[in-house]
Amino acid sequence: MSKKKNKIEKTLVEKILDRNKISYRQAEFATHEDSGGVAKMDTSILNEKEHLVYKTLVCFGNKTPALVAVIPVTEHLSMKKLAKNSGNKKCELLPLKDLEKTTGYVHGANTPIGIYFKHHFPIFLDNSMVSEENVAVSSGKIGRSVFLKPQDLQKITHAKFCDLLE
């Protein structure tokens, strides 16, 4: 068997990281659909390290049409904290039906890197990642992630670190 067949084809996000000389590690996770037909990634194989996987939540505020919060998959986003950090009085999750047309990604594949490069939406990273060596964010495909340094993620997305958790 040739080595090429074992290699995972790179996503746009991985190509962006390569172009910017940012070190990362590819990761794949099993996925399944929930009862509503929404893809869910199974990160439980990471056991006590599951908090290192971050989800990308696309929201909107009363002043900002689209903004992105990146928090651990094990936690819940505080809309009040996101609003305060983004200069809005109120923030809400973007309706699922508007997600793909707003970001270009389906639910489960939204990535702060791809969203920033396509749309330059403001990105907010939860403070919990600052002390971690590497964290995982989606690489733009369901079940695919990249592990990278939080500081590199912040730099490439021009993001703000802040407290976003309930």
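**Ground rules.** I am working with a predicted model, where local features need pLDDT of at least 70, side-chain atom pairs count only at pLDDT 80 or more, and totals for chains, interfaces and linings use all residues. Numbering runs from 1 along each chain as its sequence is written, and side-chain values use heavy atoms, with hydrogens and water left out.

**Ser-139.** I found Ser-139 in the loop between strand E8 (135-138) and strand E9 (144-148); strands are DSSP runs of at least two residues and helices (H or I) of at least four, numbered from the N terminus. Ser-139 counts as buried because its relative accessibility is 1% (buried is under 20%, exposed over 50%, partly exposed in between, with a 1.4 Å probe and protein chains only). Beyond four places in sequence, I listed its contacts (heavy atoms within 4.5 Å), among them Thr-11, Thr-111 and Arg-144. Lys-10 lies 129 residues away in sequence, yet the C-alpha to C-alpha distance is 9.0 Å.

**Salt bridges.** I looked up the total, and the structure holds six (a side-chain nitrogen of Lys or Arg within 4 Å of a carboxyl oxygen of Asp or Glu). Lys-10 turns up again here, paired with Asp-18 at 2.6 Å, N to O. Lys-10 is partly exposed at 29%, and Asp-18 is partly exposed at 34%.

Next I checked Asp-163 and Lys-81, which meet at 2.8 Å, N to O. Asp-163 follows strand E10 (160-162) and Lys-81 sits in helix H3 (residues 79-86), so the pair ties together parts 82 residues apart in sequence.

My last entry is a network of salt bridges linking Lys-97, Asp-98 and Lys-101.
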